[in-house]
Amino acid sequence: MMRMASFMVTLMVIAATIAIRVDGHEFSHHQEVKILRHLKRLNKPAVKSIKSEDGDVIDCVPITNQPAFDHPLLKHHTIQMRPSFIPESDSKYIKKEAKTITQVWHKAGECPDNTVPIRRTKKEDLLRPKSIESFGRKPHHSIPQTTTFDPTKGHQYAIMSAMNETFYGTEVSINLWKPYVQVPDEFSLAQTWIVSGSGSSLNTIEAGWQVYPELYDDYNPRLFVYWTRDGYRTTGCYNLLCSGFVQTSNRNSVGGAYNIVSSYGGTQYEIAILIFKDRKSGNWWLRVGNDIIGYWPGSLFTSLGNGATRVQWGGEIVNLETDGKHTATDMGSGHFADEGFGKASYVRNLEIVDGTNTLREPKSLYYFADNHNCYNVKIGTDGTSMGIHFFFGGSGRNVECP
C-alpha cells in the first residue's frame, strides 16, 4: 500500500508539472488551469457572436452580465442607461464635423438591444504578455511627467496640458492614423487623460486610439479606454479586461478596430471624444462621435470625486531601445509637428468642462515633449474652425534621435 501511495503521489507531481506546448508556448498544467479560469472570467456568455474579417470575435453580452459587475464596488450597482445631461459648448467657432468612421466588425453584423459588444479574449492573447496578471494593464509611470524627463521609464510623450483649474471633463477631436510600431510589446497611441492626485493616489480616466500588437495581435488602430485609482499599481485596465468601465452602447466595442485611417497629404479622419462627469450620479461618461459608449462609475475613484486637476491630450509611445537604439516606432502619422495639417497628426477643438457644466476653451495650455528630436509638438494658428489645436508626432529613431 505504501508503494502504491508513493507511486500515485509521483504521478500527481508529474501531471502537475508536465509541460504543454501550444502555439510555440510551453506552460504547465497549473498555468493552463489559470488561463482557462481567466478566460472564463473575461468571456461572458453571449446571446450572439459576430466573426469579424480582421479576426476578432465580438460577443453580444447582456448588458447586466458584463465584466464591470464583477468589481466588489459594483456588486449592487444600478446601471445608468443615459447621462442626466450633455455639456453644451460656448465656443465662438463653428466646429467642422468629423467624417463618419466605423469599426471593422460592423460589416459582419450588429448586436441586439440590451447587449454590449465585447471583443473576445483568446488563449493566445494571454500568452503574449510577460504574465497573465499584466495582461491589459499599463506599467507604472504611464502618465506624462511634464516637469521631468526620465528616459529609463520607456515612455515618451508629445502633449498639451491644461492645469491650475478644476475640470469636469473634456471634448476633443483626435486625428486617426496607423503608425508603424517596431516590436510587438511597444505601442503608439493618441489619447486624452483626465487626472487628479499623484503617486499611489493618482486617479486617471483615459480614452483614445492605439496600435498595440502585444495586446491585440495586430497593427490596426483601435478605440481604447483605461482607468486607475492608484497610479497604475493594482487597479484599472484597458477596455473591459477587468471590472470597472460600464458599457451601455450596443454599437461600438472598446478595443474594436477602425476600418479607415488618414493618409499623408490626403483625406483626414478623426475620432471625437467627449468625457464628462454627471454631477447627479457622480459617474464619468464617454461619448465617441455621436455614440454614448458608457461610463466609469464614480465609486471607482478617490480624488476624481472632486473633479480633475489636470487634462492632457496628445501622443505616447513605448521605447524599449531594441539593440541599444531608440525605437523607430512612429507617433501619430510618423511625421513631425512642423509639417502641419494633412501630414502631421493633430488634436483639434480642445475644450474642457467647467464648474457650470459648460464646454469652453481652457484658460492656459502647456506643451511638453520628452525629446524634440524624436517626437515634438507645435501649437496651431488660432482663429480657424479647428479652434484651439496642435500638431504632434515624429518618426522616432533618426540621425538626430539615434
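Q: How much of the contacts with a separation of 6 or more comes from residues 24 or more positions apart?
A: Those pairs account for 74% of them. Keep in mind that this is a predicted model.

Q: And what's the chain built from, in helices and strands?
A: There are four helices and 21 strands. Of the 402 residues, 55% count as buried.

Q: Switching to strand 14: is it mostly covered or open?
A: Mostly covered. Strand 14 spans residues 284-288, and five of its five residues are buried.

Q: Which residues point which way there?
A: Trp284, Leu286 and Val288 point one way, while Trp285 and Arg287 point the other. All of them are buried, the arginine included.

Q: Which way does strand 13 run against strand 14, parallel or antiparallel?
A: Antiparallel, with five bridges joining the two. Isoleucine 273 stands opposite valine 288 in that pairing. Six residues lie between the strands of this hairpin, and glycine 282 takes a positive phi near 85°.

Q: And what joins strand 14 to strand 15?
A: Five bridges, again in an antiparallel arrangement. Here valine 288 stands opposite aspartate 291. This hairpin has two residues between its strands, and glycine 289 in the turn has a positive phi of about 65°.

Q: Last one: where does glycine 109 lie?
A: In the loop between strand 5 and strand 6. Glycine 109 is partly exposed, at 23% relative accessible area. Its C-alpha is 10.0 Å from that of lysine 48, which is 61 residues away along the chain.

How values were computed. Residues numbered from 1 in each chain as written. Predicted model: local features only at pLDDT ≥ 70, side-chain atom pairs only at ≥ 80, totals over all residues. Heavy atoms only, no water. Buried < 20%, exposed > 50% of the residue type's maximum accessible area, 1.4 Å probe, protein only. Contact = heavy atoms within 4.5 Å. Pairing = 2+ DSSP bridges.
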